[in-house]
Amino acid sequence: MESGRRKGLSGVLSSLSLLCVILDLQLDGVLGATHVEIEQHLEMGRKLLAAGQLAEALSHYHSAVEGDSKNYLTYYKRAAVFLAMGKSKSALPDLTRAIQLKPDFLALQRSPDQDEARNQLMRANELEELQEEAHAAHHRGDYSTTITVLDRVVELSPWDPESRELRAECYIRLGDPRKAIQDLTPTTRLRNDNRGAFLKLSTLHYDLGEHQESLGYAECLKLDQDDKECLSRYKQVKKLSKQLDSAEEHIQEERYQDAIDKYESVMRTEPNVLYYTNKAKERICFCLVKNKMPAMAIDICSEAHQRDPRNINILRDRAEAFILNQDYEKAVEDYQEAREFDKENNEIREGLERAQKLLKLSRKRDYYKILGVNRSANKQEIIKAYRKLAQQWHPDNFREESEKKEAEKRFIDIASAKEVLTDPEMRQKFDSGEDPLDPESQQGGGQGGQGWPFHFNPFESGGNYHFKFHH
């Protein structure tokens with residue numbers, strides 16, 4: 001019975017063998033390719049390989065192998081593509097088949113083809129060992145060693161997307177997103193549909209504050225419109241990008257309150273990425289200064305400074321807020337700190353010089369303090385303050401000689417402050433740290449009583465003073 005079973009099995013195998021021969025003959029007739037067609041496939045494969053289009057190159061080498069399964073060169077060339085893609089396990093069978101078809105392929109005699117074949121075999125073996133070593137290091141969480149091993153893998157096989165993706169993951173784990181981006185970017189071209197890499201690149205750029213770049217990579221929806229992750233990422237980045245761009249447009253148009261509102265929306269849209277909160281605080285600080293709101297500006301700028309201590313824009317804006325608040329010493333301190341971080345910045349240098357001049361002037365006469373108004377006060381507010389103080393300190397209000405002399409001095413200062421701060425040109429000079437009524441800073445300056453804007457002192461004659469104030 002056993003013997004009969006064997007005979008039956010033998011008959012089946014013989015029939016299968018015969019069938020395979022028949023099919024082989026039929027396939028040779030159907031799939032067989034001419035020598036010219038095979039050469040065309042090999043040439044196209046070579047060009048695509050040189051251009052880094054590995055998947056397309058591999059397709060042509062597959063066609064070359066199918067067209068002539070007895071040609072050792074077609075296997076050898078396909079093995080080269082597998083190696084370029086980092087697929088050493090796929091390359092080894094092709095190299096082995098090439099040697100089987102042409103045993104003298106690796107003979108001792110020297111020739112360029114044989115040297116290259118030897119090198120390819122050595123590369124294949126080395127790549128396989130290195131990849132196993134890299135995966136083992138990655139498995140035990142040794143990301144630095146994994147990167148070191150993969151450096152050699154990528155050197156041997158620069159078009160291997162898997163090794164680049166693994167190295168990018170290690171860079172992310174070690175907190176180096178820039179290098180991860182460098183590795184992931186080429187993988188979007190090395191794979192036909194690499195949505196995973198597009199999403200990772202979008203996230204990495206987004207977390208670095210590069211929302212425009214993030215938006216570009218978030219368009220992986222073009223590869224698959226139904227991809228939920230791509231759609232979610234795209235909507236988030238699109239919304240944030242629109243808010244950021246709109247806020248900056250408002251600043252360009254000097255619509256600072258609108259810009260503040262937009263940056264507050266940014267913080268609500270993305271509360272989890274520090275970059276966007278820090279950026280929003282920085283720009284709100286700037287807008288508050290431009291809106292002449294020093295107290296609020298100082299608070300927001302100080303918070304922004306704590307978040308980003310080396311940001312010279314925040315230090316500059318807080319210095320300007322201190323100037324608006326007539327706290328010149330702190331303004332000088334902020335500008336000096338910013339100057340330490342960037343000694344070549346002309347805006348910071350000029351700001352420091354102006355703050356130092358204002359500090360020096362404040363120790364002499366500060367026209368804003370004399371009238372008791374903010375540096376942002378308009379002309380109407382200045383005139384109102386002047387009238388009130390002029391009535392209060394008019395010398396006719398005082399009987400004692402010593403009090404009258406003090407009143408004269410105060411009255412002159414009040415009149416001088418009004419004259420400077422209601423004249424746009426003189427006010428601009430004073431705001432830049434120059435006293436337009438100070439003979440020391442004005443060549444050929446004032447005559448008569450020091451600082452009296454009308455070039456005479458009405459109190460020198462000691463006569464009666466008659467001033468009328470219109471309300």
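Helices (H or I, at least four residues) and strands (E, at least two) are DSSP runs, numbered from the N terminus. Every view shows a predicted model, where local features need pLDDT of at least 70, side-chain atom pairs count only at pLDDT 80 or more, and totals for chains, interfaces and linings use all residues. Residues are numbered from 1 along each chain as its sequence is written, and side-chain values use heavy atoms, with hydrogens and water left out.

**View A. The protein chain has 22 helices and zero strands.** Let's start with the whole chain before zooming in. Of its 471 residues, 44% count as buried (under 20% relative accessible area; exposed is over 50% and partly exposed in between, with a 1.4 Å probe and protein chains only). Contacts (heavy atoms within 4.5 Å) can also be sorted by their distance along the sequence. Among those between residues at least 6 apart, 53% join residues at least 24 apart.

**View B. Y256 and F286 form an aromatic pair between helix 13 and helix 14.** A search of the whole structure turns up six aromatic pairs (ring centres of Phe, Tyr or Trp, the latter by its six-membered ring, within 6.5 Å; planes under 30 degrees apart are stacked, over 60 edge-to-face and the rest tilted). In this one, the ring centres of Y256 and F286 are 6.3 Å apart and the planes stand at 75 degrees, so the pair is edge-to-face. Y256 belongs to helix 13 (residues 256–269) and F286 to helix 14 (residues 274–290), so the pair ties together parts that are 30 residues apart in sequence. Both Y256 and F286 are buried.

**View C. Y367 and F430 make a tilted ring pair.** The ring centres of Y367 and F430 lie 4.9 Å apart with planes at 50 degrees, so this pair counts as tilted. The pair links distant parts of the chain, with Y367 in helix 19 (residues 367–371) and F430 in helix 22 (residues 424–431), 63 residues apart. Y367 is buried at 0% relative accessibility, and F430 is buried too, with a relative accessible area of 1%.

**View D. Charged side chains sit over the rings of Y206 and Y386.** Here the criterion is NZ of Lys or CZ of Arg within 6 Å of the ring centre and within 35 degrees of the ring normal. R233 lies over the face of Y206, 4.9 Å from the ring centre. Y206 is also part of a cluster, linked by ring pairs with Y275 and Y276.

**View E. Helix 13 packs against helix 14.** The axes (lines fitted to C-alpha atoms, for helices over the stretch in contact) are compared by angles that run from 0 to 180 degrees between N-to-C directions. For this pair the angle is about 165 degrees, with the axes 9 Å apart. Helix 13 and helix 14 are therefore roughly antiparallel (over 145 degrees; under 35 is roughly parallel, 65 to 115 roughly perpendicular and the rest oblique). The crossing is left-handed (the near helix is turned anticlockwise from the far one by less than a right angle; clockwise is right-handed). Residues of helix 13 in the contact include Y256, I260 and Y263, and those of helix 14 include Y276, A280 and F286.

**View F. Helix 16 packs against helix 18.** Helix 16 (residues 312–324) meets helix 18 (residues 346–362) at an angle of about 25 degrees, with the axes 11 Å apart. Helix 16 and helix 18 are therefore roughly parallel. This crossing is left-handed. I312, R316, E320 and I323 of helix 16 make the contact with E347, I348, R354, A355 and L358 of helix 18.

**View G. E254 and K292 are loop residues with positive phi.** E254 has phi near 60 degrees, a positive value in a residue other than glycine. Look for E254 in the loop between helix 12 and helix 13, where E254 is exposed at 59% relative accessibility. K292 also has phi near 60 degrees and lies in the loop between helix 14 and helix 15 (294–307). With a relative accessible area of 47%, K292 is partly exposed.

View H. E229 lies in helix 12 (residues 228–252) and is exposed, with a relative accessible area of 59%. E434 comes in the segment after helix 22 and is partly exposed, at 28% relative accessible area.
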